[in-house]
Amino acid sequence: MNESSGRKVGIARFFELLGRDLWSFYRASFLCCAAFLPGFAAVLFGLMAHAPLLCALGGALGGALAGPFLVGLADTVLRALRDEPGYWWHTYKRAWRQNWRQSLIPGALLGLFLGGWSAVLFHMVNDANPGTMMWVAAVAGMFVCVGFLVWLFAQIPLVDLPLPELIKNAALMFFGFLPRTLAAAAITAVYWVVMLLTLPASMIVIVVFGFWLPVIPALMIVYPGLDKVFRLEETLQARRDAEINERIAAREAENHDL
């Protein structure tokens, strides 16, 4: 976001969005949390059984199930960032129907990463001496995967492109807007690492704040990059201008008939 758009920026924009759209964020986040429960249960079972492969496979299957709901949340947040009007449940259902197929593989990739990384983190925390390089590799891998996935999921509700194109765009934007990538990845990763390390006490926090708390600032950070690449604001303004012109033309036609 920038000041030239006439919108607030930074923390002021964050609280403006919460004041206006918190109930929509919470409902979309609640559905997302519910969709992630099977994958979470599979990963947790794999951790308890000391079975990393089960963690990865369970995460991938659970992520495929939850992917459309995460995209639904992203669509809700992106519409709020664009200040688009509309009844939430109507727009959410429409976005879900349009994007669920395209969300399955990205969701599986997200679940695979979360399951595999959780197994690695669980092993390292319980290992007496995992070594500095192991921690460096785990943290670096986490930032790369989270940053890439933020760009990937942010595109799905915005553009209708084949998955290879979405992946290519995500990789290009990852490096093209690297400071934004790192900031969004840091917010997302820190939140979920804290939630994971403080289980089961953090379940209360997850129920209340769920996915919306990290998703909103992460998408606020990457949105200017998305707007620059896809010209979102320009397209939205053109659509609004066309609607206004249609209303004016219809009113003039009515007056002419009279």
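1. For what follows, helices are DSSP runs of H or I with at least four residues, numbered from the N terminus, and the model to which they belong is a predicted one. With that naming, α1 (10–48), α2 (52–81), α3 (88–126), α4 (132–155), α6 (178–197), α7 (203–209) and α8 (212–230) each contribute two or more residues, that is at least two, to the lining of the largest pocket.

2. That pocket has a volume of about 1,200 Å³. Its lining comprises 49 residues, among which Phe36, Phe40, Leu114, Trp192 and Phe211 are the closest to the centre.

3. Which residues of the largest nonpolar core touch the most other members? They are Ile216, Leu219 and Leu226, in a core that has 61 residues. The elements supplying two or more residues to this core are α1, α2, α3, α4, α5 (163–176), α6 and α8, and the most come from α8, which gives 11 residues.

4. Ile216 deserves a separate look. When neighbours within four places in sequence are left aside, the contacts of Ile216 are with Phe14, Leu17, Leu18, Phe25 and Val77.

5. On the cysteines, a search of the whole structure returns 0 disulfides. Cys33 is accordingly in no disulfide, and the nearest cysteine sulfur to its own, that of Cys32, lies 6.2 Å away, whereas a disulfide would need the two sulfur atoms within 2.5 Å. Cys33 is buried, because its relative accessible area is 17%, and the cut-off for buried is under 20%.

6. Cys145 counts as partly exposed, because its relative accessibility is 30%, a value to be read against limits of 20% for buried and 50% for exposed.

7. Is Gly19 buried or exposed? Gly19, which is found in helix α1, counts as exposed because its relative accessibility is 67%, and the exposed class begins over 50%. Between Gly19 and Ala218 there are 18 Å in space, taken from C-alpha to C-alpha, and the two are 199 residues apart in sequence.

Methods. Residues are numbered from 1 along each chain as its sequence is written. This is a predicted model: local features need pLDDT of at least 70, side-chain atom pairs count only at pLDDT 80 or more; totals for chains, interfaces and linings use all residues. Side-chain values use heavy atoms; hydrogens and water are left out. On a 1 Å grid over the protein atoms alone, a cavity is a set of points where a 1.4 Å probe fits but cannot get out, and a pocket is an open set with protein on both sides within 12 Å along at least five of seven lines; lining residues have an atom within 4 Å of a point. Grid points are joined across faces, edges and corners, and a volume is the space filled by probe spheres set on the points. Buried means under 20% relative accessible area, exposed over 50%, partly exposed in between (1.4 Å probe, protein chains only). A nonpolar core is a set of buried Ala, Val, Leu, Ile, Met, Phe, Trp, Tyr and Cys residues joined through side-chain atoms within 4.5 Å. Contact means heavy atoms within 4.5 Å.
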